[in-house]
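Hi,

Here is the structure I promised to pass on.

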Amino acid sequence: MSGRIQVLKPGVQSQLQDLGRFGFQDLGVPVCGAMDEWAHRLANLLAGNAQDEATLEIVLMGPSLVFENATQIAIAGADLSPRLNGEPVAMHQRIDIAAGSQLEFGRRVNGLRAYLAVRGGFAVDPVMGSRSTYVRGGFGGFQGRALRKGDVLPMADFAGAFEPAAPLPAGCEMPSVEPGAVTPVRVTTGEHWSRFTPEAQAEFAAAVYKISPQSDRMGYRLEGPALQRADSVELISEAMSFGTIQVPADGLPIVLMAERHSAGGYLKIAHVISVDLSLMAQLAPQQALRFERVSLEEAQTLYLQREQRLAQLRASLGVTA
Amino acid sequence: MGDRCLLIGVGDTVDPETSARVFGLVRRLKERPIAGVFDIVPAFTTVALHYRPELLGAAPFEALRAAVLERLAEPLDTAASAGRSIDIPVCYGGELGPDLADVAAQCGLTTEQVIERHMQSAHRIYMLGFAPGFPFIGGLDPALKMPRRSSPRTRIPPGSVGIARDQSCVYPLETPGGWNLIGRTPVRLFDPAADPPCLLAPGDRVRFVRIDEPTYQNLLEAQP
């Protein structure tokens with residue numbers, strides 16, 4: 001049995017995302033995908049799905065949705081006060097949905113982005129191998145755009161009830177992002193680190209930066225001290241990755257996020273480590289952060305440990321895909 | 001480049017020889033793939049390997065570096081890939097090429113001379129990037145060399161043909177941009193539903209062919 005979801009209110013930039021559109025960066029196609037990969041994967045696993053099924057990425061103000069059919073869902077990431085039929089509903093666990101139920105979101109408690117997974121996934125056709133929405137290109141996800149009032153989202157065939165065998169294991173919880181705090185974000189140094197002045201290097205390591213309101217899925221612009229280059233040699237365009245921190249001519253760093261260009265020509269001072277990209281994605285405009293340098297070995301060890309925890313969760317839930 | 005991407009430097013200058021080495025390396029890495037590498041992104045002087053560390057063992061970076069060095073042990077085939085020869089029809093000047101007169105003035109040429117030199121340049125695609133299907137096209141006649149516009153436009157119509165420094169480009173989608181726009185093509189460069197989705201590929205040789213505005217309109221309307 002397949003199902004449908006009616007969109008009563010669209011929320012702000014609610015759009016379908018999966019783990020991204022890979023294999024086409026050499027054509028200049030941005031990867032896109034969930035901003036918070038960790039929350040996206042958790043939501044899918046808790047709904048009994050493979051981790052690359054599309055989830056609904058919900059930002060700041062959530063949508064109001066009516067489920068026409070019975071299903072199961074899970075919500076992970078930011079706590080945007082989800083309510084089911086008017087009652088508060090728990091994050092980070094499977095939720096059974098009766099036909100006709102209404103899901104809404106309210107006040108932001110912490111974080112910025114929540115991920116809604118439905119059992120079996122959303123039934124939209126992949127474009128170039130991915131269900132991720134690319135709004136600038138107008139393709140992928142649901143009609144290549146964010147949700148609008150009156151949309152009807154198709155759910156995939158209901159794959160049978162999902163009965164997880166175990167609760168969320170320790171170490172799989174979301175990182176907490178306190179709105180008033182200065183969030184430490186770990187980075188490895190970039191290939192152009194030495195092309196900044198010693199003062200700029202010191203400033204980068206010590207400064208508190210604020211997320212600019214001019215930040216989006218493509219990149220987070222930072223407000224704080226401008227970083228001076230040690231030379232004026234122009235850079236030849238080359239590849240970028242998720243978390244690359246580039247410094248354009250004005251000296252203000254930009255952290256490249258899910259919808260970054262595949263290549264670009266600004267100096268790369270550092271890279272946010274993969275396990276902390278989840279933190280970055282949950283920081284809202286005006287929130288503060290500071291960078292902490294770690295070695296590549298440490299970054300990859302943390303990454304491998306997190307993959308192990310997720311594999312344990314997958315095994316404990318009996319999700320095989 | 002962070003904990004999930006390795007950048008390989010192949011040269012320091014933008015030229016056909018470096019480009020041939022870049023694509024020689026890409027061919028080698030496709031013939032003898034490395035487990036865990038899921039995206040290979042060539043640029044003017046570099047090749048980036050996006051990889052999944054969990055598929056490369058306990059010391060992922062070291063394992064990947066060793067695998068790359070092993071593939072570099074034998075000399076690369078740097079014969080420039082034959083590439084295809086593709087004609088791109090362009091309606092030069094007027095509303096479709098709003099910077100043509102300005103370019104001519106800056107280069108000390110007439111608009112006719114700019115068009116002639118642009119059509120006769122030895123265009124070759126070095127890389128795609130910036131936006132889906134956006135080609136960086138080298139080989140521009142040195143007489144047309146000029147900087148990008150000091151203030152980028154916020155919206156450039158699809159099909160716009162631009163020049164800046166020693167390169168040409170064509171905008172496949174409406175995006176912001178700072179190149180000097182000298183004309184527009186009715187040809188669609190990117191279609192996500194097509195296979196392959198991009199009309200052009202690195203290594204292709206491009207010839208710009210002049211068309212008049214009625215032909216431009218006819219070709220534009222003839223597209224599905």
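In helix 3 of chain B, Leu100(B), Ala101(B), Val103(B) and Ala104(B) meet Thr111(B), Val114(B) and Ile115(B) of helix 4 of chain B. Contact here means heavy atoms within 4.5 Å, and helices (H or I, at least four residues) and strands (E, at least two) are DSSP runs numbered from the N terminus. The residues of this contact split into 6 nonpolar, 1 polar and no charged. For the classes, Ala, Val, Leu, Ile, Met, Phe, Trp, Tyr, Cys and Pro count as nonpolar, Asp, Glu, Lys and Arg as charged, and the others, Gly among them, as polar.

Helix 3 covers residues 100-107 of chain B and helix 4 covers residues 111-120 of chain B; they pack at an angle of about 90° with axes 8 Å apart. That makes helix 3 of chain B roughly perpendicular to helix 4 of chain B, since angles under 35 degrees count as roughly parallel, over 145 as roughly antiparallel, 65 to 115 as roughly perpendicular and the rest as oblique. The axes are lines fitted to C-alpha atoms, for helices over the stretch in contact, and angles run from 0 to 180 degrees between N-to-C directions.

Before you go further: this is a predicted model, where local features need pLDDT of at least 70 and side-chain atom pairs count only at pLDDT 80 or more, while totals for chains, interfaces and linings use all residues. Residues are numbered from 1 along each chain as its sequence is written, chains are lettered from A and ligands numbered from 1 in the order in which they are written, and side-chain values use heavy atoms, with hydrogens and water left out.

Now the contact between the chains. Chain B puts in 42 residues and chain A 41 residues. Together they bury about 3200 Å², with 61% of it on carbon and sulfur atoms; buried area is the accessible area (1.4 Å probe) that two parts lose on being put together, summed over both. Met1(B), Asp3(B) and Arg4(B) supply 20% of the area that chain B buries against chain A, more than any other three residues.

There are 2 salt bridges between chain B and chain A, a salt bridge being a side-chain nitrogen of Lys or Arg within 4 Å of a carboxyl oxygen of Asp or Glu. One salt bridge joins the side chains of Glu234(A) and Arg165(B) (3.0 Å, N to O). Strand 2 of chain B gives the most to the side of chain B that touches chain A, with 5 residues. That side divides into 27 nonpolar, 8 polar and 7 charged residues.

Over all chains, the whole structure has 31 salt bridges. Lys268(A) forms one with Glu191(A), the closest N and O atoms being 3.3 Å apart. This pair links distant parts of the chain, 77 residues apart, with Lys268(A) in strand 19 (residues 267-272) of chain A.

Not counting residues up to four places away in sequence, Arg153(B) touches Pro98(B), Asp99(B), Pro176(B), Gly177(B), Trp179(B) and Leu181(B).

A cis peptide bond joins Asp195(B) and Pro196(B), with omega about 0°, and Pro196(B) sits in the loop between strand 11 (180-184) and strand 12 (205-210) of chain B. Met128(A) has a positive phi of about 50° although it is not a glycine.

Cheers
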